Amino acid sequence: MGNSRRQVVQSLLVGGVGVAAGQTSSLARQTKPADVTVGGVEVFKKEFDSISFVYEGVNSLAVRIPAPREVNERMLELDKKIFLTAFTLTCMHQGCETNALNSDHVLVCPCHDSIYDADGTVIQGPTKKSLQALKLELRDGKLHAVGRVST
Ligand code: FES
């Protein structure tokens with residue numbers, strides 16, 4: 001192998017490693033949950049006020065819920081006993097999108113009538129799982145969805 005040909009081969013090998021390394025760090029970035037700005041908290045003036053947003057390509061909802069008996073990881077408590085929750089609208093039965101919160105403050109799936117409470121917990125099947133909760137954070141007066149709450 002001539003000197004210039006060897007240099008070309010070495011360059012290709014080094015470039016290949018660079019691409020592979022780049023792909024690895026790209027994959028690592030993809031596993032980090034999205035940080036999505038939901039909106040200003042001033043929207044949540046009363047119970048069941050909500051904001052629709054998209055989290056990682058999925059239609060989602062943030063809702064002010066009534067004061068719960070106990071706070072859990074599905075909720076964010078703000079000052080003055082304001083409790084917020086957020087979840088994706090993908091039904092946990094077979095993946096249809098639930099309808100919006102209705103006047104009874106529940107979400108009904110149009111496909112097979114699963115019903116979820118305003119905090120995304122399942123009330124009636126066929127599904128047995130609550131809607132995928134999203135972790136909320138408050139930064140600079142804005143609400144952010146920063147990941148999925150594992151169940
Ligand atoms: S997909 Fe929602 S109840 Fe079946």
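User: Which residues does Leu136 touch, and what makes these contacts?

Analyst: This is a predicted model: local features need pLDDT of at least 70, side-chain atom pairs count only at pLDDT 80 or more, and totals for chains, interfaces and linings use all residues. Residues are numbered from 1 along each chain as its sequence is written. Leu136 touches Ala62, Leu76, Leu84, Ala86, Leu143, His144 and Ala145, leaving out residues up to four places away in sequence. A contact means C-beta atoms, placed from the backbone, within 7 Å.

User: What makes a set of residues a nonpolar core?

Analyst: The members are buried Ala, Val, Leu, Ile, Met, Phe, Trp, Tyr and Cys residues, joined through C-beta atoms within 7 Å. The largest one here has 23 residues. Ala62, Leu84, Ala86, Leu134 and Leu136 touch the most other members. Strands E3 (58-65), E5 (82-88), E9 (134-139) and E10 (142-148) each supply at least two residues. E3 gives the most, with four.

User: Why is E3 called largely enclosed?

Analyst: Buried means 20 or more other C-beta atoms within 10 Å of a residue's own (exposed: 12 or fewer; partly exposed: in between). Six of the eight residues of E3 are buried, so the rest of the structure largely encloses this strand.

User: How do you know that E3 and E5 pair?

Analyst: Pairing takes at least two bridges found by DSSP. E3 and E5 have six, in the antiparallel sense. Ala62 stands opposite Ala86 in E5. E2 (residues 50-55) and E3 also pair in the antiparallel sense, over six bridges. There, Ser50 stands opposite Val63 in E3.

Terms used. Contact = placed C-beta atoms within 7 Å.
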